[in-house]
There are 2 protein chains.
Amino acid sequence: MALVVVDVMPKPEILDPQGKAITGSLTRLGHQGLSVRQGKRFEIEVTGDITKERLDEIGRIADTLLANTVIETYAVRTEG
Amino acid sequence: MALVVVDVMPKPEILDPQGKAITGSLTRLGHQGLSVRQGKRFEIEVTGDITKERLDEIGRIADTLLANTVIETYAVRTEG
């Protein structure tokens, strides 16, 4: 089993209410100087080898299904 | 600005309904041999240098606030 990771984050210019809420809570709890943005991490277990075709397929999946590219960016990488 | 990433994933023995739904959708769409688990990715911008104390602090934040360690695992790492 090979592992491919897709990270999906809100674009820098997009407001991130969850991240903002966490940042506010951390400040109130005394953790200064930290700014949090929250995104999603998808771990995709691939049966068989990770070929270029397979990575391209997962790239298309990320682009069309996992990320909303109007407001989010994504990155695909193999891991482990 | 330095970046610390906290990845939070459901523990392997925990059901992951979001990941299961995505896996089912991918199979129906003709993407075979992919098994997806969905977690969270937190990007934490740190003002100033990343010291060992700072990383320990973020580790405590991950353990107590960002992850529910009953059902989730987390990993802290510097990036970029």
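# Briefing on the pairing of chains A and B

The side chains of B:Arg41 and A:Asp7 meet in a salt bridge, with 3.1 Å from N to O. This contact belongs to a predicted model, in which the rule finds two salt bridges across the interface of chain A and chain B.

**Relation of the two copies**

- Chain A is superposed on chain B by a rotation of 180° with 0.0 Å of shift along its axis, and the RMSD is 0.0 Å.
- The two copies are therefore related as by a two-fold rotation axis.
- Within chain A, A:Lys40 has the C-alpha nearest the axis, at 2.2 Å from it.
- Both copies use the same surface, since 100% of the contact residues of chain A recur in chain B.

**Extent of the interface**

- Chain A contributes 29 residues to the contact, and chain B contributes 29 residues.
- About 2,400 Å² of area is buried between chain A and chain B, and carbon and sulfur atoms give 61% of this area.
- On the side of chain A, the residues that lose the most area to chain B are A:Leu34, A:Arg41 and A:Glu43, which together account for 21% of what that side buries.

**Composition of the interface**

- Four elements of chain A give two or more residues each to the side that touches chain B: strand 1 (2–10), helix 1 (17–28), strand 2 (34–46) and helix 2 (52–66).
- Of these elements, strand 2 of chain A gives the most, with 13 residues.
- Sorted by class, the side of chain A that touches chain B has 13 nonpolar, seven polar and nine charged residues.

**Strand pairing between the chains**

- Strand 2 of chain A pairs with strand 2 of chain B, residues 34–46, in the antiparallel sense over 13 bridges.
- A:Gln38 has B:Phe42 as its bridge partner in strand 2 of chain B.
- A:Phe42, in turn, stands opposite B:Gln38 in strand 2 of chain B.

**Strand pairing within chain A**

- Strand 2 of chain A also pairs with strand 1 of chain A, in the antiparallel sense over seven bridges.
- In strand 2 of chain A, A:Ile44 is the residue that stands opposite A:Val4.

**Surroundings of B:Ala2**

- B:Ala2 lies in strand 1 of chain B, which covers residues 2–10.
- Neighbours within four places in sequence aside, B:Ala2 is in contact with B:Ile44, B:Glu45, B:Val46, B:Gly48 and B:Ile50.
- From B:Ala2 to B:Gln38 the separation is 36 residues in sequence and 26 Å in space, C-alpha to C-alpha.

Note on methods: Residues are numbered from 1 along each chain as its sequence is written. Chains are lettered from A and ligands numbered from 1 in the order in which they are written. This is a predicted model: local features need pLDDT of at least 70, side-chain atom pairs count only at pLDDT 80 or more; totals for chains, interfaces and linings use all residues. Side-chain values use heavy atoms; hydrogens and water are left out. Copies are superposed by least squares on the C-alpha atoms of residues with pLDDT of at least 70 in both. Contact means heavy atoms within 4.5 Å. Buried area is the accessible area (1.4 Å probe) that two parts lose on being put together, summed over both. A salt bridge is a side-chain nitrogen of Lys or Arg within 4 Å of a carboxyl oxygen of Asp or Glu. Ala, Val, Leu, Ile, Met, Phe, Trp, Tyr, Cys and Pro count as nonpolar, Asp, Glu, Lys and Arg as charged, and the others, Gly among them, as polar. Two strands pair if DSSP finds at least two bridges between them.
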